[in-house]
Amino acid sequence: MSNKTSNRQLSARRRAHHKRLISSSAGQAPGRRRRSFLPYAACALILLGILLAAALSSPPGKSGGQDPPAGGEAISAAAKDIASFDDIYQEVLHQEKAERAKGIRLINFDHPNTEKTPDNLVPIRELLEDYAAVNEGAKYADQEAAEAAREMLAAAYQEGVTTFIVNSAYRDYGTQESLWNNRLSQDPDYGSDPYAHPVKVVPPNVSEHCAGLAFDILSEGHPSGTPGYEETPEGKWLAANAHKYGFILRYPKDKESVTGVVYEPWHYRYVGKEAALDIYESGLCLEEYLLSMGVL
C-alpha cells in the first residue's frame, strides 16, 4: 500500500484538528477504573485503628507545650493522612502507566512506520495450528506477539472456543502496497482524509500488519471481516479476554474519527499484557490513551 498517495503527509492544520478530536473523544470515554484496593484498604483501617487507640489512650496534660489532640482531631488527622496517601498512590500508578505507554509503538496516518521489514519475525503456522486454523496469508509475526497469540488461542480452546481462523498476521510491504493501489484504482481520493472518511485498507507505512504486531482473527462461522463478527462467540471471547494476553482491539466502534480506520472487531494489536490491561480499563482507543498519558 504505497504510491504517491501513500506518503501523503497531513497538513499541520489537519494534525491539530485530529489532536482536538482525540482530546474531545477521550473526554467522553469511561473514567479510569482502579484496580482492587482491598489490601490497601485493610492497611488503612489498621492505621486508623492504631491512631484512634493512641488518641483515646493519651493522658490529659501537656506535651511539648501543647495539649494532645482530642480523639476526634486524631481521627480527622488520620483520615487526611490516608487521603493523602491515596493521592500519592494514584499518582505512582499513573506514572507507571505513563512509562509503559512510552514503550508502545503507535502506527497510524500521523505516525507512519519507517521499518519495511521487521527483524524479529517467526513462522506461526506450527505455533498456532493446534488451536486455530491458520490461513495462507498468516505466515509470520513478531516473535513476542506470536507467542502471546498462542497463549491466547490455547486459553480460548480450553474454554471451548475452538473455531478461530488466523486470517492474517505479518504482511510484507509489497503485498500491502498492492492492496492499497488496488483500492486507489477504484477511488483515487480514497484515504485522502481518513479522519473524516475512515478507511478499511491503509498504505503499507500505516499498516500494523507490516510491523508484524497485528492479527486478523476470524472464525469458521464468520470468515470475512465485517462488523457482524462482534456477535459471534469468537468475537465476544476476544473482546472480553484479549487484553489478558497483551492484545487490544485496535480499531474500536465509534472511534473511527480518531483512528482513521473503520470498526474492525477482528483486528487485534499486541502491546504487552500490562499495557493492554491499562488500555482496556481506560475504555479509550490507542491514540486517546497515549494522549491521556502525555505521550502524544
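## Charges over rings, ring pairs and a pocket

K116 lies over the face of Y173, 4.6 Å from the ring centre, where a charge counts as over a ring if NZ of Lys or CZ of Arg is within 6 Å of the ring centre and within 35 degrees of the ring normal. The charged end of R183 likewise sits over the ring of Y190, at 4.0 Å from its centre.

This is a predicted model, in which local features need pLDDT of at least 70 and side-chain atom pairs count only at pLDDT 80 or more, while totals for chains, interfaces and linings use all residues. Residues are numbered from 1 along each chain as its sequence is written, and side-chain values use heavy atoms, with hydrogens and water left out.

Rings of Phe, Tyr and Trp (its six-membered ring) pair if their centres lie within 6.5 Å, and planes under 30 degrees apart count as stacked, over 60 as edge-to-face and the rest as tilted. By this rule there are seven aromatic pairs, including the two tabulated here.

| Pair | Centre to centre | Angle between planes | Class |
|---|---|---|---|
| W237 and Y245 | 6.3 Å | 20° | stacked |
| F247 and Y270 | 5.3 Å | 65° | edge-to-face |

In the second largest pocket, the lining residues divide into eight nonpolar, six polar and six charged, with Ala, Val, Leu, Ile, Met, Phe, Trp, Tyr, Cys and Pro counted as nonpolar, Asp, Glu, Lys and Arg as charged, and the others, Gly among them, as polar.
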